[in-house]
Amino acid sequence: MNKWRPLLLSLVVFFVFSVSEAFGAGYVDNHMHLWSSYLNHFWPPVPEETVVYEGETYTKPTEGTRKQLLEALDHAGFTNGVALSGAYFWGSAWLPKDDLENKVKKENNFAAIQCLASGNRLTFVASINPLLDFAPEEVDRCAESLGAKGLKIHFNASRVDVTNPEHMRKVMEVLSRATAHDMPVLLHYRGFMLPYDPETFTSFLEETLGTIPGLRIQFAHCTGFGGFSDKTEAVFNALVEFCRKNPDAGKRVWVDVSGAIVDDALADIWNKMTKALGMEKPDFMYRTTPEEAKNLNRSMRELGLEKVLFASDWGGSATLQPKPHSQLLRKELGLTNEEFEALLTNRGPWK
Ligand SMILES: [Zn+2]
């Protein structure tokens, strides 16, 4: 049976892609998480969380299958979601490090199947820790055998230091492979233990977008994570500047707004989770101030609102779901109704 499995999977992928329609035309959540019960089993327990928002009760998801993602999309009146594999957690500092290749493959396979069974509503984005030796081959496998539409990389989970030449050599290889397969990259850039400043970020943009033709990147969380502090604003503005100076490369850049406006529920669960994970230097998260929201509004406009994508980061907390998060952003991003409606339908690099 085992030797036939890849062939069977390829046939299923071929069949579903042949009969499915193109990406829908409604609202889209450009950053949602899938995770298998196997991966969940290794995750440290996070306290139960139930939050009432705008008269509705939400709980932090404990399962991450297509069923939960589709229910959250339906509840919000959204048609599509960009669904990220949890495979990048393998090889992180927080989980056991044995048998990684097998575990990574298993998790990417799980996410691929969830998306295939979603009636083309979930776009399958594979993921990998780019520092693992087998990362380039896994990108190839996800593209060729699983039909991945994109690749998620998380520099904080993978402890990627962009000032380390050996790390950058591996990152460049993975980005090049993804681009060769026409896979856009969703990148969580900010690492809490790693350099995070406008100069380092500009060098990173020049080295990647400036030298890999066709590379497309969606920067998660407006290039940061956990609000829009002065530090994040400075890094975001370096992206604006880069796009101004490099208009061709600038056409291949987007940001998603998840995690840029922090509410009390997210701040609370994050601060508890970083403690449970024993993060060496957890950044204390707090509710985004009105001043920071104003700065975010200005920076988004400078980048161009057509490059800003709605995203909830579904799975992270009770209120990180398309409905409550879009309600929150509608109130706090300072966009007109028309602008916000356009934001909800922005597709970014996804097909
Ligand atoms: Zn996320």
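What percentage of the 351 residues in the protein do buried residues make up? Buried residues account for 46% of them, where a residue is buried if 20 or more other C-beta atoms lie within 10 Å of its own, exposed if 12 or fewer, and partly exposed in between, with C-beta atoms placed from the backbone. The model is predicted: local features need pLDDT of at least 70, side-chain atom pairs count only at pLDDT 80 or more, and totals for chains, interfaces and linings use all residues. Residues are numbered from 1 along each chain as its sequence is written.

The protein has 14 helices and 10 strands; these are DSSP runs numbered from the N terminus, helices being H or I of at least four residues and strands E of at least two. Its radius of gyration is 19 Å, close to the 20 Å that the globule rule gives for 351 residues, so the protein is as compact as a globular protein of that length. The radius is taken over C-alpha atoms, and the globule rule is 2.2 Å times the number of residues to the power 0.38. Along the principal axes, the C-alpha atoms fill a box of roughly 60 × 45 × 40 Å. Of the contacts with a separation of 6 or more, 82% join residues 24 or more positions apart; two residues are in contact if their C-beta atoms, placed from the backbone, lie within 7 Å.

The description now turns to the sheet. Eight strands form an open sheet in the order β1-β4-β5-β6-β7-β8-β9-β10, with parallel pairing. Its edge strands are β1 and β10 (308-309), each of which pairs on one side only. Two strands pair if DSSP finds at least two bridges between them. Strand β4 (residues 80-84) runs parallel to β1 (residues 28-33), to which four bridges join it; within this pair, Asp-29 has Gly-81 of β4 as its bridge partner. Four bridges also link β4 to β5 (residues 122-127), again in the parallel sense, and here Val-82 is partnered by Thr-123 of β5. Elsewhere in the sheet, β7 (residues 185-188) and β8 are parallel and joined by three bridges, with Ile-217 in β8 as the bridge partner of Val-185.

Strand β4 is mostly covered, five of its five residues being buried. Both of its faces are covered: Asn-80, Val-82 and Leu-84 are buried on one side, and Gly-81 and Ala-83 on the other.

Ala-83 also belongs to the largest nonpolar core, which has 95 residues; Ala-83, Ala-126, Ile-128, Ala-148 and Leu-151 are the residues that touch the most other members. A nonpolar core is a set of buried Ala, Val, Leu, Ile, Met, Phe, Trp, Tyr and Cys residues joined through C-beta atoms within 7 Å. Ile-128 lies in the loop between β5 and α5 (135-144), and it counts as buried because it has 29 C-beta neighbours inside 10 Å. Leaving aside neighbours within four places in sequence, Ile-128 is in contact with Ala-87, Tyr-88, Val-104, Ala-135, Glu-138, Val-139, Leu-151, Ile-153 and Val-174.

The 16 residues of α9 should span 22 Å at 1.5 Å a residue, and its end C-alpha atoms are 22 Å apart, which agrees; the expected span is 1.5 Å times one less than the number of residues. Thr-232, Val-235, Phe-236, Ala-238, Leu-239, Phe-242 and Cys-243 are the buried residues of α9. They lie on the same side of the helix because they cover an arc of only 145° around the axis, the arc being that of the directions from the helix axis to the C-beta atoms. On the other side of α9, Asp-230 and Arg-244 are exposed. The cover over the buried residues includes α8 (198-208), β8, α10 (247-250), β9 (253-256) and α12 (290-303).

Arg-159 counts as partly exposed because it has 18 C-beta neighbours inside 10 Å. Phe-192 is placed in the loop between β7 and α8 and is partly exposed, with 15 other C-beta atoms within 10 Å.
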